[in-house]
Amino acid sequence: MIEPKTAVLTSGEQQAFAPVDAAFTISPAIGKMEGNLYTAPWPILLGRNVTVTARRAAETDTAVITLAAEPAWILIVGLVWVFTALFVSYELSQVWPQSVPEAAPLVSPPAATLRSGQNLRFYASANGIGTTNVTWTASQGSITQSGDFVAPAVTAPQAVDITAKWPGASGQTAKALVLVTPGTTLVLSPSVVTLPAGGAQAFSVDGAATATFAALAGAEGTLSAGAVKAAPYKAPGSIPNARVVTVTATNPGALASAHVFLKPDTESPRSAEDSARRLVSLAALSGAAGALIASVRSYVNYVGSRSFRASWGLFYIFRPWFAAGLALIVHAGYRSGVFGGGGTDSPNVMTVVFYSGLVGLFADVVLEKLRNLVDAIFSGRDQRPDPMVPAARPAATAPAETPTAPAPASKIVQVVPAAAAGKITVHGEGFMAGMKAAINGAAREVTVLSPKRLEVKLDPAVDVKGKQIELLLEEPSKAKHAVQKFTL
């Protein structure tokens, strides 16, 4: 009576049933039945069957509606993965080690005031390391390729640029300023110095009684200020990254300066702890990212082939977090030396990201390898009196053996006697190596040429033309033989 008998609906879809004059009810009460029109609920997170019962007079009939949860789960998994990918990407950007900017090329001293004809040596450095592999030039006066500058003769103050150019494709340059005057001199000594955290250095001026000392804006450390002949500078107590501080000294009509390179601290216990924590976060996030890539590939394949099942929805949602935990275990094993890593040095960031990403991509393979490791380390016998026994699996049924067809029996089809040639050629079937032959009961030599042809050697003294011959061929098993009679 009721039509259709079956229907498959997704979230919010409707299905009309006939006949329209019947009374319809549903069980269980999932969705809505209005007259003969059924509306599926939204969302459908678990696939269910709903029975529709139609009653008209004394007649009763039923139909089955299958509620498909796959479309809802496809949407849910897709949305969850979007937020998961954004979260993992953001967290990776936060824990990824920041590159330390390199110090710019510098010329030391950066500034000085000289008299006409006075000498001063300049030094070049890149990334805090001194170098002589530069080309020196001066806008006035002269300078050697060792950095020795001779001030030009002037009658009024003149500014001179000292330039150091690095070789190679970069062609980086650095400059210093020299103020050349007829009679005033102001040079800060030392012109360049490297200090560790908390280190101290006194700077003094040459060519003047006193000068006003200062450190450039934003500099670290402390410098005694004021009009003095010498001023001590003290580096800060902690130097996380390399820094350059410029110390200046001025007096009326003259200026001088020097560079202080601040040497970064060795890694403190606190920074080592932060580095280890950062690597742990990188391992977990990289594992999650690898699992996300693998899961998306599998998910797209199943959705594209229309074989996705809603029961796998939670598996896909939690897969990245499962892989993150698995990557942490592998990272701990690597750092402890179980997997060949270990050591006191922190592993390279790219190494951690690489193996953690592989853990996420191939989580099932890694889990199986870890299970084998546990079996090898913790192998033993369960001594409990009532251990849990896994459910027995049905015994595998051995495939039925295919009966082997028996080898065909030897059969003689044709005999070609040739007394003059001293042999008999036999054509037939089932010939095999090791066959024996007899003529009139006497054994003869046999040569099997193929399964369908063999030759029997004659005895010229006995087997003569016109003689009645009875040829017997016997197989190696002696179970089968063929006989043929003829006249030679």
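Select S11 and I44 to begin: the side chain of S11 reaches the backbone nitrogen of I44 at 3.0 Å, a polar contact being a pair of N or O atoms within 3.5 Å in which, within protein, one must be able to donate a hydrogen and the other to accept it, while residues adjacent in sequence count only if both atoms are side-chain atoms. This is a predicted model, in which local features need pLDDT of at least 70 and side-chain atom pairs count only at pLDDT 80 or more, whereas totals for chains, interfaces and linings use all residues. Residues are numbered from 1 along each chain as its sequence is written, and side-chain values use heavy atoms, with hydrogens and water left out.

S11 lies in the loop between strand 1 (6-9) and strand 2 (14-16), where strands (E, at least two residues) and helices (H or I, at least four) are DSSP runs numbered from the N terminus. At 19% relative accessibility S11 counts as buried, the classes being buried under 20% relative accessible area, exposed over 50% and partly exposed in between, with a 1.4 Å probe and protein chains only.

Next, select F17 and F24, both of which are buried. Rings of Phe, Tyr and Trp (its six-membered ring) pair if their centres lie within 6.5 Å, and planes under 30 degrees apart count as stacked, over 60 as edge-to-face and the rest as tilted. By this rule there are 9 aromatic pairs. The ring centres of F17 and F24 are 6.3 Å apart and the planes stand at 40°, so this pair is tilted. Elsewhere, ring pairs link W81, Y299, W312, F315 and Y316 into a cluster.

Now move to the open sheet of 4 strands, whose order is 18-20-24-22 with antiparallel pairing; two strands pair if DSSP finds at least two bridges between them. Strand 18 (187-189) and strand 22 (222-223) are at the edges with a single partner strand each, so one side of each is left without a neighbour in the sheet. Strand 22 pairs with strand 24 (residues 230-234) over 2 bridges, and T222 has K234 in strand 24 as its bridge partner.

Finish at strand 29 (residues 436-439), which 4 bridges join to the antiparallel strand 33 (residues 468-474), with K436 bridged to E474. Strand 29 is also joined by 3 bridges to strand 30 (residues 442-444), again antiparallel, and here I439 has A442 as its bridge partner. Strands 29 and 30 form a hairpin with 2 residues between them, and N440 in the turn has a positive phi of about 55°.
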